[in-house]
Amino acid sequence: MSSQLFDNHVAIVTGAGQGIGFEIAKQLACQGAGVILNDTNKALAAEAAKKIRNKEGECVAFAGDASQPEVIDAMVDEAVKCFGKLTLTVCNAGITLFGDFFDYPAENLRKVLEVNLMGSFLLTQAAAKQMRKQKSGGRILLMSSVVGHQAHQFLGAYAMTKAGLEMLAKNLVIELSPHGITINAVAPGATLTERTQAEDPTYPKTWSAITPMGRPAICEDIANAALFLLSPHSGHITGQSLIVDGGWTSVSPLPDLSNMNVKKS
């Protein structure tokens, strides 16, 4: 891809203080886009944006809960205020709350639904309205997961939201295509991030053993797929989900979860 493939583009990337979201934001900015980088953690968002600016990318930090309508509207306004328009949106913010189905708290279910589904739906809606107003099309990307395709113990609520996002991408083709807006999803498999390695020091070894390609993904693997779907090269692709998992969904062996601190009935 050209080093300035995203010249004249403006992006919002949520949940981008670290991990996959940060890598997507960094690559977009370093390839010419103006980026609004969102995270719930104000300090993390500011530091991430600073790192991108140090690489000569245009990036503005925007702290806030990306599941809240007022934050979403303010992010879109900020993109237009800072860069004059909005052409790309990555709904990356999400949470994973493991739990045995028989004991899964209603509060946890509400939070997973609010962040993963409601936040992504409302950001897609707000971004699409702005893109429709501009009359110049756009790209929207939802962040799914392999567990939207394959069962994974203790992730029933999370998996439900990810499968729902893929259906949202498929359904919105009908309403967004007339405005030149594409909408797709990326479904990462096991990925090495600050969070996954901090939560489980054995994560790299475990997922290397059960992934056909012999290793879990790194953030760059997921970002590369995301940038393709956001780029001019994917102009006739919409309503699709791209799985990036080193082949895991083809065989789907589960990791050993016996050491997880999950309450069982």
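The legends below describe several close-up views of one predicted model.

The structure is a predicted model, in which local features need pLDDT of at least 70 and side-chain atom pairs count only at pLDDT 80 or more, while totals for chains, interfaces and linings use all residues. Residues are numbered from 1 along each chain as its sequence is written, and side-chain values use heavy atoms, with hydrogens and water left out.

**View 1. Strand β5 and its burial.**
Strand β5 covers residues 138-143, and six of its six residues are buried, so the strand is largely enclosed by the rest of the structure. Buried here means under 20% relative accessible area, exposed means over 50%, and partly exposed lies in between, with a 1.4 Å probe and protein chains only. Strands (E, at least two residues) and helices (H or I, at least four) are DSSP runs numbered from the N terminus. In a regular strand the side chains alternate between the two faces of the sheet. In β5, G138, I140 and L142 point one way, whereas R139, L141 and M143 point the other way, and all are buried.

**View 2. The strands paired with β5.**
Two strands are taken to pair if DSSP finds at least two bridges between them. Strand β4 (residues 88-91) pairs with β5 in the parallel sense over four bridges, and V90 stands opposite L141 in β5. From β4 the chain crosses through helix α4 (residues 106-134) to β5, in a β-α-β crossover that is right-handed; this term applies if, with the strands pointing away from the viewer, the path from the first strand over the helix to the second runs clockwise. Strand β6 (residues 181-188) runs parallel to β5 and is joined to it by six bridges, with I140 standing opposite I183 in β6. A right-handed β-α-β unit is also made by β5, helix α5 (residues 156-176) and β6.

The C-alpha atoms of F22 and L37 are 8.0 Å apart in space, and the two residues are 15 apart in sequence.

The side chains of D65 and K111 meet in a salt bridge at 3.9 Å, N to O. This pair links distant parts of the chain, with D65 in the loop between β3 (58-63) and α3 (69-83) and K111 in helix α4, 46 residues apart. D65 counts as partly exposed at 25% relative accessibility, and K111 counts as partly exposed at 34%. D221 forms a salt bridge with R215, the closest N and O atoms being 2.8 Å apart; D221 is partly exposed at 24% relative accessibility, as is R215 at 41%. Salt bridges that share partners join D65, K111 and E114 into one network.

With a disulfide defined as a pair of cysteine sulfur atoms within 2.5 Å, the count comes to zero. C30 is in no disulfide, and the nearest cysteine sulfur, that of C59, is 9.4 Å away. C30 is partly exposed, with a relative accessible area of 30%. The sulfur of C219 is 15 Å from the closest cysteine sulfur, in C30, which is too far for a bond. C219 itself counts as buried at 10% relative accessibility.

**View 3. The second largest pocket.**
A pocket is an open set of points, on a 1 Å grid over the protein atoms alone, where a 1.4 Å probe fits, with protein on both sides within 12 Å along at least five of seven lines; lining residues have an atom within 4 Å of a point. About 270 Å³ of space lies in the second largest pocket, the volume being the space filled by probe spheres set on grid points that are joined across faces, edges and corners. Its lining includes F121, T124, Q125, L168, L172, H179 and I181. The elements that give two or more residues to this lining are α4 and α5, and α4 gives the most, with six residues.

Definitions and conventions
A salt bridge is a side-chain nitrogen of Lys or Arg within 4 Å of a carboxyl oxygen of Asp or Glu.
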